[in-house]
Structure formats: structure tokens, C-alpha cells
Amino acid sequence: MQRSPEAVMLFAAGFGTRMRELTRDMPKPMIEVAGRPLIAHALDLAKAVRPARIAANLHYKPEPLKDFLEPENVLISHEVPQILDTGGGLRHALPLLGGGPVFTMNTDAIWKGPNPLQLAQEAWDPDRMDALLVCVQLANTAGRSGQGDFSADADGRISRGGNLVYGGVQILKTEGLHEVEEQAFSLNVLWNRMAAAGRLFALEYPGRWCDVGHPEGIKLAEDLIAADDV
């Protein structure tokens, strides 16, 4: 049996185009929500599970992120000259993350409720799972437009389409990354293969979640943080 994750990968390389003018001079993870950079909120959750290593991938306007993360003992994976997407970026960072399964975490969301990484760690069953995605019921999201991403059967196995929104936190076995020929690719490539094999699972998050990938999400996230109903 593979051990529980000992490393967290923070995805922080993107261009933040949905943020429009806000990301002209800074990377999206450094945009402030409730007085702190977005990535600081993610880093709090990552540190709480006491991983052996935390790494982040950087590409767009990397210097402010580098200056913020290095004093926090976060390892830096520079993606140059091209950005590698989630799958390629994770594969590029594997020398920093070590072997075995890893947590991955998007840095443009706010969670209100239990630590999603802790919940995933407790539910992780590597005998049955190649990936476990923490998902949120569409009704419990803020700042999300459109439909959900997934549905899950009674055992938690995922299929595409439904009212579950992927919240950006997962545990993933990384061996399949080496089977992808492209240099830049999405983790959807692995998820599709895992789903076909019946080894892609969802964990439903019991709290609330906000997408902060667009300007309107900042106020929604700050309201969520200030709310006392969760």
C-alpha cells in the first residue's frame, strides 16, 4: 500500500486572465482577500496537515510569489520558458515532491469549514483510489458560474457531469504522469484514465467554497470568511 501524502503542490503559475486588470502587474495568487494574499490562505491549509514538503510552480510574474514563498520554506518549481498546465507542471515539480501520492491544491479558492486536505487525508484509500478529489455541491459554492463538474456513485466513484464542483484539492498518485507524451498537459488526462479504470473518487466537502478566479469573487470570498453560519 502506498503511504499517505507527504507533500503538497500549490498551483500558482497561471496567467489569471479572468482577473483582468488586477493581474496586469501581479500574479493572481498575490491578490489580497481579507487583507492577505490568496496563496496565504491556501498555505495555511497546507501547513496544517504537516507535510514533509510544500512546493509551488511559478511562471507568470514570479518574483512577488518567490519573495513571499521562500521565507515560508516553500520549494519553487520554475516553469520556463513555457507554462506546463497542471499535469505538466506537477510532473516538472516531482523532484521536489518526492515519491508516492501528493496533495495538489489550487490557490484561487477560499474554503469555509473543515480543512479539505485533512478530510482527504482521512478518506484516502490507495488500495481503491488513484485520485481523490474534494468536491463541493454546486449549491454550496459562491462565485461559480455554469454547471457542476462531476457526479459520484454510492461508493464515491466519479463520472463527468452533475452537481459536484471540483474545489481544487486532491490526493493523486503520480506514476501516470510519466505515461503522457506531451510536455504541457492538464491533469484531466490522468483523471479520464483513472475514471475509466474505476479508480477516480470524490469526497464531498461539508462546508462552503468560493471561486476567486475573477474580480467579483473577492467580495464573495470576504463575505464568506466573515460569515458565522459555517
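Gly98 is partly exposed, at 31% relative accessibility, where partly exposed denotes the range between buried (under 20% relative accessible area) and exposed (over 50%), with a 1.4 Å probe and protein chains only. In this predicted model, local features need pLDDT of at least 70 and side-chain atom pairs count only at pLDDT 80 or more, while totals for chains, interfaces and linings use all residues. Residues are numbered from 1 along each chain as its sequence is written, and side-chain values use heavy atoms, with hydrogens and water left out. Gly98 sits in the loop that links helix H3 (85–97) to strand E6 (102–106); helices (H or I, at least four residues) and strands (E, at least two) are DSSP runs numbered from the N terminus.

The protein chain contains six helices and 14 strands. The radius of gyration is 17 Å, in agreement with the value near 17 Å that a compact globule of 230 residues would have; this quantity is taken over C-alpha atoms, and the globule rule is 2.2 Å times the number of residues to the power 0.38. The C-alpha trace spans about 45 × 40 × 30 Å along its principal axes. Of the 230 residues, 51% count as buried. When contacts (heavy atoms within 4.5 Å) between residues at least 6 apart in sequence are considered, 72% join residues at least 24 apart.

In soluble globular proteins, nonpolar side chains tend to be buried together. The largest nonpolar core of this model has 35 residues, a nonpolar core being a set of buried Ala, Val, Leu, Ile, Met, Phe, Trp, Tyr and Cys residues joined through side-chain atoms within 4.5 Å. Leu10, Leu69, Met105, Trp111 and Leu117 have the most contacts inside this core. Its largest share, five residues, is supplied by helix H1 (residues 38–48). Apart from this core lies another, of 26 residues, among them Ala7, Val102, Leu164 and Leu172. Leu10 touches Ile39, Leu43, Ile54, Ala55, Ala56, Asn57, Met105 and Thr107, with residues up to four places away in sequence not counted.

Several loop positions were examined individually. Asp130, in the loop between helix H4 (116–123) and strand E8 (131–137), is buried, with a relative accessible area of 18%. The residues touched by Asp130 are Trp124, Ile171, Leu172, Lys173, Met194 and Arg199, again leaving out those up to four places away in sequence.

Most residues other than glycine have a negative phi, and most peptide bonds are trans. Arg50, although not a glycine, has a positive phi of about 50 degrees. This arginine lies in the loop between H1 and strand E4 (53–58) and is exposed, with a relative accessible area of 76%. Asn73 likewise has a positive phi, near 65 degrees. Asn73 belongs to the loop between helix H2 (62–69) and E5, and its relative accessible area of 66% makes it exposed. The peptide bond from Val80 to Pro81 is cis, with omega near 0 degrees; Pro81 is found in the loop between strand E5 (75–78) and H3.
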